Amino acid sequence: MAFKIASSPHINRQLQTSTVMQRVLLCAMPALVVQCAFFGWGTLIQVILAMTVAMCAEALIMQLRQRPVIHTISDNSALLTAFLLGVAIPPLAPWWLILIGTAFAIVIVKQLYGGLGQNLFNPAMAAYVLLLIAFPVQMTSWVAPITAAQHSVSFLDTLHIIFSSSQIAVADTYRLGIDGTTMATPLDTLKTDLHSGITTADSLQKLIFNGWAGKGWFWVNLTYLAGGLMMLRLKLIRWHISAGVLGALFICSAVAWAWEPLTHVSPLMQLFSGATMVGAFFIATDPVTAATSNRGRLLFGAIIGVLVYLIRSFGGYPDAFAFAVLLANISAPLIDYYIKPRTYGHLRG
Amino acid sequence: MSQYREIAWQGLWKNNPGLVQLLGLCPLLAVTATLTNAIGLGVATMAVLIGSNILVSLVRDYVPKEIRIPVFVMIIAALVTAVQLLVNAYAYGLYLSLGIFLPLIVTNCIIIGRAEAFASRNNPLKAAFDGLMMGMGFTLVLMVLGAVREILGQGTLFDGADQLLGSWASVLRLEVWQVNTPFLLAMLPPGAFFGVGLLIALKNVIDKKLASRKTQVTETTVQRVRVTKVN
């Protein structure tokens, strides 16, 4: 029996990009299940649609750029982008919305800059911002969680709503259902209420809240948190960015809440609402568009956290993760320029 | 004659103000939401450009080199004021929709750039032709961008053409497709940035194709028969 003797460094088997992406997707799967349980089949259909479009767009661009098609497609990064966009848009949004968004994310935000590893911005979030700015009506009508809705929509009806050529006609057909089905998100409701002078405590008594957080949203966020912790355990991500995001958001909202609890949202509600958990663990941690040193990552995450708090509290939009991530993406090169890790054996500075 | 052909080629394609020199980006991005606005601003710019090129070329021998820029700017400002008053008088609707960008033609770098780079060194006829071609190149880019943005954004062409050409022109309005939900991005300035970027990319692709075809032609012609022995 011969032992193979290799010289140092003794490195573990490196994870392939495709394996990393696959595991990240698997860690996010439970949350998709929970989201479907609370918000109906729409999310699943959107995710599948987005993944198909992403694959086709990537293959097309690779063909145009005369690069190996199969090799690029099988790195699964387009699937992850598609997944993040699919869970971010409203479940009953028309099919062309996700089509435009995914094609934009893959073709313009990712491949025009040179493909995986070269893009300046997080593709899913850039596409989300594009959709939010271009189609504000479609992007802001979320479905109510099933426990709060008057009617639930079956799988076939969901398909019909998403794929019908004329949304308005179908909306008339499903008028009863639609009225009872779509409504503003908890963060949106809270924002409108606070603007019209209703206190946080009174607003939280509404049907869409379960007392201190949005119905359904709490569980979705909790599953994403579990998925994120699983990713940390598997060493797919490091803790710095997520800790920066959640820490900064918690501190900002805790200070404001301690100052004036009537008109501010509690820190726990901030952490378990909207896109907080999926953003902190699955979106902000994108290694391509984030800062690269550990201290830089903490700062990068903190920028996102503070921006999310500021836009949620004082901005025009109820949730702010996409904008915050894009703004932090822009500042990532600057962070990397000023925060460089000290080389061993050298003095600081 | 070949000189004029060269001027036309430079203005319309090779040195196009909108796509290659990237001058006048501000109006290019701001007013091209509809085809009508694009044509209006393009024609106004072209008129100013031709006029300023002719005048600058006429006075080029009498203006001391040290103060030429202020003189050029004053000529341009006078012409822009005249064009602005004309549009105000004869196309009031267009005057309203172009807004600040009409007087801002005075700061458009294309005009001072052509005055300095071309008109101050050439005779009036050539300068006028250069102004026409540069203005045409700029107007064409504006029109393509305006048409694309209008079709994507609201599904029409020549919407509001009667403001530019008189009341008969409302028959020009073309409904390309029915939009239930306007694609807001195409109407907003970011959409114009995407549009310009894609147009520049398209131009580069065409240039590359032309260049590769040209080298192929030359490659086939330089084949030689070896007449010496190789040892």
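The structure is a predicted model, in which local features need pLDDT of at least 70 and side-chain atom pairs count only at pLDDT 80 or more, while totals for chains, interfaces and linings use all residues. Residues are numbered from 1 along each chain as its sequence is written, chains are lettered from A and ligands numbered from 1 in the order in which they are written, and side-chain values use heavy atoms, with hydrogens and water left out.

Chain A contains 18 helices and two strands, where helices (H or I, at least four residues) and strands (E, at least two) are DSSP runs numbered from the N terminus. Of the 349 residues in chain A, 52% are buried, a residue being called buried under 20% relative accessible area, exposed over 50% and partly exposed in between (1.4 Å probe, protein chains only). The accessible surface of chain A comes to about 17,300 Å², and 67% of this belongs to carbon and sulfur atoms; accessible areas come from the Shrake-Rupley method with a 1.4 Å probe, and for residues only the protein chains shown count as cover. Among contacts (heavy atoms within 4.5 Å) in chain A between residues at least 6 apart in sequence, 76% join residues at least 24 apart.

Chain B has 10 helices and two strands, and 39% of its 231 residues count as buried. For contacts in chain B between residues at least 6 apart in sequence, the share that joins residues at least 24 apart is 76%.

A nonpolar core is defined as a set of buried Ala, Val, Leu, Ile, Met, Phe, Trp, Tyr and Cys residues joined through side-chain atoms within 4.5 Å. The largest nonpolar core has 96 residues, and those with the most contacts inside it are A:Phe83, A:Ile89, A:Tyr224, A:Phe281, A:Phe282, A:Phe300 and A:Ile304. Helix α1 of chain A (residues 17-39) gives the most to this core, contributing 11 residues. At least three residues of this core come from each of domain 1 (16-183) and domain 2 (186-339) of chain A, the domain bounds being taken from an automatic or database domain assignment. When neighbours within four places in sequence are left aside, A:Phe83 is in contact with A:Leu25, A:Ala28, A:Met29, A:Leu32, A:Val47, A:Met51 and A:Tyr224. Another core, of 37 residues, lies apart from the largest one and includes B:Val56, B:Leu79, B:Val87 and B:Leu145.

Side chains of opposite charge can pair when their charged atoms come close. In chain A, the side chains of A:Lys110 and A:Glu58 meet in a salt bridge with an N to O distance of 3.2 Å. Since A:Lys110 lies in helix α5 of chain A and A:Glu58 in helix α2 (residues 42-64) of chain A, the pair ties together parts that are 52 residues apart in sequence. A:Lys110 is buried, with a relative accessible area of 2%, and A:Glu58 likewise counts as buried, at 0% relative accessibility.

In chain B, the side chains of B:Arg68 and B:Glu116 form a salt bridge at 2.8 Å, N to O. This pair links distant parts of the chain, with B:Arg68 in helix α4 (residues 68-90) of chain B and B:Glu116 in helix α6 (residues 109-117) of chain B, 48 residues apart. At 23% relative accessibility, B:Arg68 counts as partly exposed. A further salt bridge joins B:Arg114 to B:Asp130, with the closest N and O atoms 3.1 Å apart. B:Arg114 lies in helix α6 of chain B and B:Asp130 in helix α7 (residues 124-154) of chain B, so the pair ties together parts 16 residues apart in sequence. Both residues are buried, B:Arg114 with a relative accessible area of 11% and B:Asp130 at 2%.

A:Lys191, found in helix α11 (residues 186-195) of chain A, counts as buried at 10% relative accessibility. Apart from neighbours within four places in sequence, A:Lys191 is in contact with A:Ile311, A:Arg312, A:Ser313, A:Gly315, A:Gly316, A:Tyr317 and A:Pro318.

Methods: A salt bridge is a side-chain nitrogen of Lys or Arg within 4 Å of a carboxyl oxygen of Asp or Glu.
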